[in-house]
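A short report in plain text will do.

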Amino acid sequence: MGKLVRDKIPMLIRNSGEKPVVRILEEEEYRHCLEAKLDEEVAEFHEDRTAEELADILEVVYALAETIGCTKDALLRS
């Protein structure tokens, strides 16, 4: 499928009786996928302006911050 997924998604797929195909990305590829995911989440927010969509954006932003060595708290103080 080629999607960036949250940690527990493979477990949920296994629990439904299916076998997920997963791989752990190298740092640069992970960052690139997070940037693409951010674009996707922002586009979804433009279509459906809800708190849930904003929360999805924040989750990606926090993950991106970690890739540059910035914690969520440090990001919020910036």
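## The largest pocket

The largest pocket is lined by 31 residues, and Lys3, Leu4, Val5, Arg6 and Asp7 are the ones that lie nearest its centre. Helix H1 (9–15), H2 and H3 are the elements that give two or more residues to this lining. H2 supplies the largest share, seven residues. The volume of the largest pocket is about 1,200 Å³. A pocket here is an open set of points on a 1 Å grid over the protein atoms alone, where a 1.4 Å probe fits, with protein on both sides within 12 Å along at least five of seven lines; lining residues have an atom within 4 Å of a point. Grid points are joined across faces, edges and corners, and the volume is the space filled by probe spheres set on the points.

| Class in the lining | Residues |
|---|---|
| Nonpolar (Ala, Val, Leu, Ile, Met, Phe, Trp, Tyr, Cys, Pro) | 17 residues |
| Polar (the others, Gly among them) | one residue |

## Basis of the model

This is a predicted model, in which local features need pLDDT of at least 70 and side-chain atom pairs count only at pLDDT 80 or more, while totals for chains, interfaces and linings use all residues. Residues are numbered from 1 along each chain as its sequence is written, and side-chain values use heavy atoms, with hydrogens and water left out.

## The chain and helix H3

The protein has four helices and zero strands; helices (H or I, at least four residues) and strands (E, at least two) are DSSP runs, numbered from the N terminus. Of its 78 residues, 22% count as buried, that is, under 20% relative accessible area, with exposed meaning over 50% (1.4 Å probe, protein chains only). The C-alpha trace spans about 45 × 30 × 20 Å along its principal axes.

Helix H3 covers residues 51–67, and its end C-alpha atoms are 25 Å apart, which agrees with the 24 Å that its 17 residues should span at 1.5 Å a residue. That expected span is 1.5 Å times one less than the number of residues. Among the buried residues of H3 are Glu53, Asp56, Ile57 and Val60. Helix H2 (27–47) and helix H4 (72–77) are included in what covers the buried residues of H3. Just after H3, Gly69 has a positive phi of about 80°.

## The segment before H1

Gly2 lies in the segment before H1 and is exposed, with a relative accessible area of 83%. Gly2 and Val22 are 20 residues apart in sequence, and their C-alpha atoms are 9.1 Å apart in space.

How values were computed
Contact = heavy atoms within 4.5 Å.
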